[in-house]
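Please look over the sequence and the model first.

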Amino acid sequence: EKPEDKSRGSKRGSEAGRLDDSILPYVKQVATLAKANDFEADEDRKIFVDNVWRELKMSKSEQLVRLITHKDGSTAVQSLLPLSSPKQLYRLCKGLQGAMPRVIFNPYGSHVIEAIFGFVPRLVNASMEELQGKDSDDEEEEENEEGASGELESLEKMFAATCDELAGGWMEIMMDARG
């Protein structure tokens, strides 16, 4: 690793995410619709959330980091969390691996991380069938999240990897207003 990868502090995560101007109106609309949660049927809500996840490529790490470290993107993601399936929540957590220092010290990203913690019990209680179930955007995702054996990474391993990623920076995280 490069030395700057291990550095911590206000430079890590203090910059806001940059979203393409063409996607910003969509992100704002997503936040509005998700907050209202005024869908005629559960199936309409599921289709909406599936489409947003696919459109925003929220399981792609770099896109996800840009989204949740942006003011409006952070709001949209936080609004989508309660409507998301356990599999989508799993993908979100998986997509954040390797980016925690950038996210946790960001004023918008830290709010998303805090909100995600509220949904961890849903993930822990989800069955493997729920996490492995098919969503409409599965075709492009399967090779990214499955190992050679076709098994999903356990939540315990994801948590341990996150702890390793943040190792040595716990005091700074506790002292930081956003961490």
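The model is predicted. The protein chain has 13 helices and zero strands. Of its 179 residues, 42% count as buried.

**The chain as a whole**
- From the N terminus on, the elements of the protein chain run α-α-α-α-α-α-α-α-α-α-α-α-α.
- Among contacts in the protein chain with a separation of 6 or more, 79% come from residues 24 or more positions apart.

**Helices α2 and α3**
- Two packed helices are described by the angle between their axes and the distance between the axes.
- Helix α2 covers residues 24-36 and helix α3 covers residues 42-56; they pack at an angle of about 155°, and their axes are 12 Å apart.
- Because angles over 145 degrees count as roughly antiparallel, α2 is roughly antiparallel to α3.
- The crossing of α2 and α3 is left-handed.
- On the α2 side, the contact is made by Tyr-26, Val-27, Val-30, Leu-33 and Ala-34.
- On the α3 side, the contact is made by Phe-48, Asn-51, Val-52, Glu-55 and Leu-56.
- The residues of this contact of α2 with α3 comprise eight nonpolar, one polar and one charged.

**The aromatic pair**
- A search of the whole structure finds one aromatic pair.
- Phe-39 and Phe-48 form this pair, with 5.1 Å centre to centre and 40° between the planes, and the pair is tilted.
- Phe-48, which also takes part in the contact of α2 with α3, has 13% relative accessibility and therefore counts as buried, the cut-off being under 20%.

Definitions and conventions
Residues numbered from 1 in each chain as written. Predicted model: local features only at pLDDT ≥ 70, side-chain atom pairs only at ≥ 80, totals over all residues. Heavy atoms only, no water. Phe/Tyr/Trp six-rings, centres within 6.5 Å; stacked < 30°, edge-to-face > 60°. Buried < 20%, exposed > 50% of the residue type's maximum accessible area, 1.4 Å probe, protein only. Axes fitted to C-alpha atoms, helices over the stretch in contact; angles between N-to-C directions. Helix = DSSP H or I, 4+ residues; strand = E, 2+ residues; numbered from the N terminus. Parallel < 35°, antiparallel > 145°, perpendicular 65-115°, else oblique. Left-handed = near helix turned anticlockwise from the far one by under 90°. Contact = heavy atoms within 4.5 Å. Nonpolar A, V, L, I, M, F, W, Y, C, P; charged D, E, K, R; others polar.
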